[in-house]
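Please look first at the sequence and the 3D structure shown here, and then read the briefing that follows.

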Amino acid sequence: VRRLLRWYGASPLNLLTMVGCFALAGYAAVMLLKVNALGVTVWFAGAVIGHDLVLMPLYTIADRSVRAVFTRRPPELPAVPWINYLRVPVVLSGILLLIWFPLILRLPRSFQASTTLPTSPYLWHWLAVTGVLFLTSAAAYALRLRRARGRARKAAHPAKEAPARPPAS
Amino acid sequence: VKLKLKPPIAGPPPGPFRRSFWRSPIRGPWLTSVFGLVLLVSIPVVIVTGLLSYAAYNPDLSPVNDETPGKGLLGFYLFSWPTHPVWLYRLNQGVHVTLGLVLVPILLFKLWSVLPKLFEWPPLRSPAHLLERLSLFLLVGGAVFEFATGILNIQTWYKFPGSFYPLHFYGAWVFTAALVMHVVLKVPTMIRALRSRSLIRELRTNLADTRPESPDAGYLVSPAPAAPTISRRGVLVFAGAGSLLVAALSVGQALGGPLRRTALLAPHGQEAGGGPGSFQVNRTAAIVGIKPSETGDTWRLTLASSGQAAHAGHAPVVLTRADLLHMEQHTASLPIACVEGWSTDNQAWDGVRLSDLARLAGVSRPSSVLVRSLQRGGAFSQAVLSADQIMSPDSLLALRVNGADLTPDHGYPARVIVPASPGVHNTKWVASMTFEA
């Protein structure tokens, strides 16, 4: 038994849990596959591949590219990290789109006939929310920039009666 | 010419299989464990409310009510669904759907935080490791499958590979089994990781002071961390803001009243029409093919009985709408609560008690009733109600709502309304009721 467990690579409790849970998962999986074996398999595999190997690499690459492309800034601006002021509205708006894309893109064709409610407002609602997110983020960044500039000015001219221009040296 | 010799033991291939490929300075067991803890507390609520929602259909009462007749042992917990409090199903389903939506951002952040583990090298260390990786396939696949089917279903975009009920129910059990394995395997790691850093101190640490977790803390910590671009506090606030945003834009469809309009992106966040029938509808008369000619003066309600009373030779009773209006009328203040997570405030329904109709059919102590709609076909053109549901004084065959006749979309000439029941069991355009003694 000890040799068997060493071969297995974990404790007996681990083995029991795994066997029990796989039995449960297997039972449910058989019923699930009975609904539509090919479709369900494609969906499960597609879920893992679509998320781990498509969505995540895409947003990682997008994030890195944006940071690589926008490296220049006007020299008079202080160095305030800006990436999160872009990341937050993009990701939040993206999550809303990910959840609600069928209504936003008006895909459920009989929605209005079924519920009396039109699908036409959802695109505008999403765009409006996205706009508010970006504006809020831009305002927050502007505020941060202003404070940083104030700090930088104070650091450059610590005396109260500092001359308007730095003396030529 | 130099000869390049292969190392005696093959290392990981280049790319994501090398740990140095992953450079996030904030990935680490502590951050993953915080997201894990949030999910550990809230996912069980979504699972339990989902299982309760299945129980609310009373699937054991009749095959008519059961969308997953092959459930076998997976229905071990079923019980007769109660009729009070009247908001029970409204609360259950509001929590199930809204909390599920709110967890989408947390789930995405959690999956981001553990991505390097997908490319772990060597891919298989032992049979135990193989089982763990298989369970992770079921966990990630099951989670995305459950969230996707639920989210598409509430938007009535039925693109999943089959009927929603069996897919979502059996998928939930696959996911739950995988989740139990994951929790058993990972809870010790989670506790250790959560103890390794103070949450309060992390919430006070800004970007400039953000350092990677200790390199020996585990696989997730990058051996070659880049300079941080966001603090741990920043990531937690980011994910929390995502959840709050999703909640703010959808919870109104479950709260109803003036808050409904705040659900800017939820399927039932718009007000429905005007007048006394101006509350949410899931299936209009037109979409299920109810013709005005069927609901006019020629409409009749057939009350039948089966079982012992039928043997006693009690003939079916046929009633017009005027007959029903001449019977004793009662008022019940009840919501409509849909499996899709939206609901309405209480509406004032007027009509005849189901228990009075049972007596009229010759069954004084009914064990169940099969309610059939004029609607032809469709999973919910009929439903079987339990003895409790028939005998509740609030259970009505409603003829009027909010002081006016039912509108066609709300089930004119007559519809069932039962407290605490899923919306689809409040059968509209009722044609017949067969009481079982």
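**Cavity and helix packing**

By class, the residues lining the largest cavity comprise 17 nonpolar, 10 polar and 2 charged ones, where Ala, Val, Leu, Ile, Met, Phe, Trp, Tyr, Cys and Pro count as nonpolar, Asp, Glu, Lys and Arg as charged, and the others, Gly among them, as polar. This is a predicted model, in which local features need pLDDT of at least 70, side-chain atom pairs count only at pLDDT 80 or more, and totals for chains, interfaces and linings use all residues. Residues are numbered from 1 along each chain as its sequence is written, chains are lettered from A in the order in which they are written, and side-chain values use heavy atoms, with hydrogens and water left out.

**The largest cavity**

- The largest cavity has a volume of about 580 Å³, a volume being the space filled by probe spheres set on grid points that are joined across faces, edges and corners.
- On a 1 Å grid over the protein atoms alone, a cavity is a set of points where a 1.4 Å probe fits but cannot get out, and lining residues have an atom within 4 Å of a point.
- Of the 29 residues lining the largest cavity, Gly50(B), His96(B), Glu146(B), Phe164(B) and His168(B) are the closest to its centre.

**Packing of two helices**

- Helix H1 (residues 29-56) and helix H7 (residues 232-248), both of chain B, pack at an angle of about 20°, with their axes 11 Å apart; H1(B) and H7(B) are therefore roughly parallel to each other, a term for angles under 35 degrees.
- Axes are lines fitted to C-alpha atoms, for helices over the stretch in contact, and angles run from 0 to 180 degrees between N-to-C directions, while helices are DSSP runs (H or I, at least four residues) numbered from the N terminus.
- Trp30(B), Leu31(B), Val34(B) and Phe35(B) in H1(B) meet Arg232(B), Val235(B), Leu236(B) and Ala239(B) in H7(B), contact meaning heavy atoms within 4.5 Å.
- By class, this contact of H1(B) with H7(B) has 7 nonpolar, no polar and 1 charged residues.

Technical notes:
Parallel < 35°, antiparallel > 145°, perpendicular 65-115°, else oblique. 1 Å grid on protein atoms, 1.4 Å probe; cavity = no way out; pocket = protein on both sides within 12 Å on 5 of 7 lines; lining within 4 Å.
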